Amino acid sequence: MSPAEHKWERKADAVLGIAASALLFSMMVLTFFDVVGRYLLNRPIRGAFELTELSLLVLIFAGLPLVSHADEHVTMDFIDRLLGARGRDLWIRAMHAVCAAIMFFIAWQTWIKAGKISAYGDTTDVLRVAVGPFVYFMTAMVALTGGVHVFKIFAPGAARASQATT
């Protein structure tokens, strides 16, 4: 990878890491004050559970493309050991193609579900936060993950190979 690409990736990782840290910190603070309010003051924070659920959704699905980009998924390398360098490269590209196809299928199905949820006007029970935009966000992140895997099919060389096989 070129130094410019490394620099861009480091900046993106830093920004997303700070955002994830801020989100986790806000969830921790919310949970702390909810527990204190619930057990010491008998006054829980209204909708704290819903806010935590929605924050976790954003955190998990925003991280999915990053995990795919960094090849940090759980991998098994028992087949890789049987292959030569060329076979391993083809195998990795084939697996990225399979992953991309699965991600695009999931994105398509999630898009359909998001449309239904938005049409029904589904909201959370307590705070009445619309759920549709969050499902559309899930769809976008899963589709972006599929795009990352498509990129990895065509990215040259071992720089984009799975960490388990290097």
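This is a short tour of a predicted model, stop by stop.

**Before you start**

Residues are numbered from 1 along each chain as its sequence is written. In this predicted model, local features need pLDDT of at least 70 and side-chain atom pairs count only at pLDDT 80 or more, while totals for chains, interfaces and linings use all residues; side-chain values use heavy atoms, with hydrogens and water left out.

**Stop 1: the whole chain**

Show the protein as a cartoon. Four helices and zero strands make up its secondary structure. Helices here are DSSP runs (H or I, at least four residues), strands are E runs of at least two, and numbering starts at the N terminus. The order from that end is α-α-α-α. Of the 166 residues, 26% are buried. Buried means under 20% relative accessible area, exposed over 50%, and partly exposed in between (1.4 Å probe, protein chains only).

**Stop 2: helix α3**

Select residues 85–120, which form helix α3. Now colour the buried residues of α3, including I92, H96, A100, M103, A107, T110, A114 and I117. Their cover includes α2 and α4. Step just past α3 to G121, where phi is positive, about 75°.

**Stop 3: aromatic rings**

Show the rings of F105 and W108. Their centres are 5.7 Å apart and their planes stand at 65°, so this pair is edge-to-face. Rings of Phe, Tyr and Trp (its six-membered ring) pair if their centres lie within 6.5 Å; planes under 30 degrees apart are stacked, over 60 edge-to-face, and the rest tilted. F105 and W108 sit three residues apart in α3, about one helical turn. F105 is partly exposed at 48%.

Next, select W111 and Y136. This aromatic pair is also edge-to-face, at 4.9 Å centre to centre and 65° between the planes. W111 lies in α3 and Y136 in α4 (residues 132–154), so the pair ties together parts 25 residues apart in sequence.

Stay in α4 and pick T139. T139 is buried, at 5% relative accessibility. Leaving aside residues up to four places away in sequence, T139 touches A107, T110, W111 and A114. A contact means heavy atoms within 4.5 Å.

**Stop 4: salt bridges**

A salt bridge puts a side-chain nitrogen of Lys or Arg within 4 Å of a carboxyl oxygen of Asp or Glu. By this rule there are three.

- Select D34 and R38: their closest N and O atoms are 3.1 Å apart. Both lie in helix α1 (residues 3–39), four residues apart. D34 is buried at 11%, whereas R38 is partly exposed at 37%.
- Select K152 and D71: their side chains meet at 3.1 Å, N to O. This pair links distant parts of the chain, with K152 in α4 and D71 in the loop between α2 and α3, 81 residues apart. Both K152 and D71 are buried.
- Select R93 and D89: their bridge is 3.0 Å, N to O. They are four residues apart in α3, about one helical turn.

**Last stop: a loop residue**

Is F78 buried or exposed? Find F78 in the loop between α2 (48–69) and α3. F78 counts as exposed, at 53% relative accessibility.
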